[in-house]
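Reader: I'd like to learn how to read a ligand site and the pockets in a model. Can you walk me through it?

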Amino acid sequence: MAAAVSVSRGLFGRLPSDGAEVERFQLKSESLTVDVISLGCIITALQVQGRAAESEDVVLGFDTLEGYLSKHPYFGAVIGRVANRIAKGKFTVDGKEYELAINNGPNSIHGGLIGFDKKLWTPEVLPNGVRFSLVSEDGDEGYPGELKMWVTYTLHGGELTINYRAQTTKTTPINLTNHSYFNLAGHGASSVYDHEVCIAADSYLPVDDTMIPTGEVASVQGSSFDLRKPVVLAAQIKKFQIDGFDHNFCVNLQKEQRYSARVYHPPSGRVLQVGTTLPGIQFYTANFLDGSLKGKGGAVYPKHSAFCLEAQNWPDAVNKPNFPDALLRPGEEYNHTTWLKFSVV
Ligand code: BGC
């Protein structure tokens, strides 16, 4: 049995608009310390031991609330109502067309202008974690139905579990994820080139020049996307002359194995394994970071200084009949889980 987990809570900051409290919860086990705030369910820090028992904070982020309230690329946040892109910000449900804010080229991304990452969630402390709830009103960011949600973080030893539940009053697309940016060397390290990545996916989704899937489900065989055996990122980027990764991997159904992705950082021995009940993982190597943000402890975050493994339904699934069902209907429950397991080898 894993040793006990402690949970503490405190003030992280106050919203300038109305003075509302943003609280910080710290979940602590023997090997992992996770800080989460009630704004956007953001993971602000994740301290993990390495081989030499030295601990590093392996997620990008900010020291203060101010950082999270200014423009940033969703560091650590829960994303919704629909993570990733919806083509032209349009979809049709039950014969009715809906229009969303366009906030990424010609498309809609990550829930719109004020997505769930910018909302103040209501916290509830659990014995080994914290649960956040939020009601997204009917018509919120153009989406149909009132959506009730619960996002639960629990810690068991070296594993952080994120469970997402939701219920709606009208049929709506939904796709919830967590958008943490990891660097297993520690969040201030200049790149993730020395990380070894493995994703159990036989196929991936090619995209058009606006990053919308073409609809084809392509085999990874022989391509830069073949990560079924571990590859060192620097070598893979060089070998295939690519700019990094920003694609959905169609993960193989894991029957006996919980984890679909594994990242290993040889110098520290840290390993992150990611498991999900969802059919996709967006593997993103922070191609759009440019070092202009001032991160924790004054760190700068250049291009390729982190990776994201966003467990998700396939991008633009609501507009692609051959993709997995993107809709949640009244009377149903959305219930998905992501596991982030840290270990040292
Ligand atoms: C997307 C990237 C985007 C990043 C931050 C990822 O989910 O795939 O293209 O830059 O989120 O918005």
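Author: Start with what counts as near: a residue is near a molecule if one of its heavy atoms lies within 4 Å of it. Keep in mind that this is a predicted model. Here the shell around the ligand includes Tyr74, Arg85, His110, Met211, Gln282, Phe288 and Glu310.

Reader: What is the make-up of that shell by class?

Author: The shell has 5 nonpolar, 4 polar and 3 charged residues.

Reader: Which side chains put a polar atom by a ligand oxygen?

Author: For a polar contact, look for N or O pairs within 3.5 Å. Aspartate 246 has a polar side-chain atom 2.5 Å from an oxygen of the ligand; for histidine 179 the distance is 2.8 Å, and for tyrosine 284 it is 3.3 Å. As for cover, the ligand alone exposes 310 Å², and the protein buries 94% of that.

Reader: Next, pockets. How do you find the empty space?

Author: Rolling a probe the size of a water molecule over the atoms shows where empty space is left. In this model, the ligand sits in the largest pocket, with a volume of about 730 Å³. That pocket is lined by 31 residues, and among those closest to its centre are Lys71, Tyr74 and His110. Helix 1 (65-69) and strand 24 (280-284) each give two or more residues to the lining.

Reader: What volume does the second largest pocket have?

Author: About 190 Å³. Its lining has 14 residues, with Asn313, Asp325 and His336 among the closest to the centre. Strand 27 supplies the largest share of that lining, 3 residues.

Key. Residues are numbered from 1 along each chain as its sequence is written. This is a predicted model: local features need pLDDT of at least 70, side-chain atom pairs count only at pLDDT 80 or more; totals for chains, interfaces and linings use all residues. Side-chain values use heavy atoms; hydrogens and water are left out. A polar contact is a pair of N or O atoms within 3.5 Å; within protein, one must be able to donate a hydrogen and the other to accept it, and residues adjacent in sequence count only if both atoms are side-chain atoms. Accessible areas come from the Shrake-Rupley method with a 1.4 Å probe; for residues, only the protein chains shown count as cover. On a 1 Å grid over the protein atoms alone, a cavity is a set of points where a 1.4 Å probe fits but cannot get out, and a pocket is an open set with protein on both sides within 12 Å along at least five of seven lines; lining residues have an atom within 4 Å of a point. A molecule sits in a cavity or pocket if more than half of its atoms lie within 2 Å of its grid points. Ala, Val, Leu, Ile, Met, Phe, Trp, Tyr, Cys and Pro count as nonpolar, Asp, Glu, Lys and Arg as charged, and the others, Gly among them, as polar. Grid points are joined across faces, edges and corners, and a volume is the space filled by probe spheres set on the points. Helices (H or I, at least four residues) and strands (E, at least two) are DSSP runs, numbered from the N terminus.
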